[in-house]
Amino acid sequence: LNIKQWYQRRVRGGSYIIIKDQPCKVDSISTSKPGKHGSAKCAIVAKNIFNGSRHDEISQAHATVKCPKVTRAIYQLMNIDDDHLDLMHENGSTRCDIRVPSNELGDKIREGFDEGAQLAITILSSMGIEEAIESKEIE
């Protein structure tokens with residue numbers, strides 16, 4: 001796993017951080033002023049990048065947070081075989097280890113494939129998890 005440590009005060013909206021062992025994208029961050037008995041605090045609101053669940057974290061502004069490496073790759077859909085996507089990258093490499101999502105995106109991918117459309121599938125990967133997050137038709 002490729003994880004970096006950042007000071008909490010360096011985190012901005014749109015940054016990726018780990019909250020409760022889940023990779024999340026920061027929606028908002030607010031910092032309180034230091035009080036008479038303590039240091040400044042940061043309140044972070046973030047969403048899981050894979051399932052969209054909301055996570056909150058409050059900690060000291062000088063604390064460190066873990067930041068995961070998040071990669072995004074676009075593949076062309078070649079086939080759907082037993083609930084797995086057969087994908088080809090623009091460099092010619094193929095893979096068939098990504099499952100068809102079990103949500104409305106999965107329905108959209110199956111429907112487009114059944115109609116014969118050429119689809120570009122975006123795969124997001126972080127912390128050993130890889131999922132299809134977007135589908136677009138290629139002209």
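I began at the end of helix 1, which is followed by G116, whose phi is positive, near 85°. Helices (H or I, at least four residues) and strands (E, at least two) are DSSP runs, numbered from the N terminus. The model is predicted, so I kept to its limits: local features need pLDDT of at least 70, side-chain atom pairs count only at pLDDT 80 or more, and totals for chains, interfaces and linings use all residues. Residues are numbered from 1 along each chain as its sequence is written, and side-chain values use heavy atoms, without hydrogens and water.

At the N-terminal end of helix 1 I found N103 as the cap, with a side-chain oxygen 3.0 Å from the backbone nitrogen of L105.

I then checked burial (buried is under 20% relative accessible area, exposed over 50%, partly exposed in between; 1.4 Å probe, protein chains only). L105, G106, I109 and G112 of helix 1 are buried. Down the axis of helix 1 they fall within an arc of 130° (directions from the helix axis to the C-beta atoms), so they line one face. The face turned away carries the exposed E104, D107, E111 and D114.

Of its 15 residues, L77, L85, L87, I109, I121 and I123 touch the most other members. Strand 7 (71–81), strand 8 (84–89), helix 1 (104–114) and strand 10 (119–126) each supply at least two residues. Strand 7 gives the largest share, four residues. I noted a second, separate core of nine residues, including V11, I19, C24 and I44.

Key:
A nonpolar core is a set of buried Ala, Val, Leu, Ile, Met, Phe, Trp, Tyr and Cys residues joined through side-chain atoms within 4.5 Å. A polar contact is a pair of N or O atoms within 3.5 Å; within protein, one must be able to donate a hydrogen and the other to accept it, and residues adjacent in sequence count only if both atoms are side-chain atoms.
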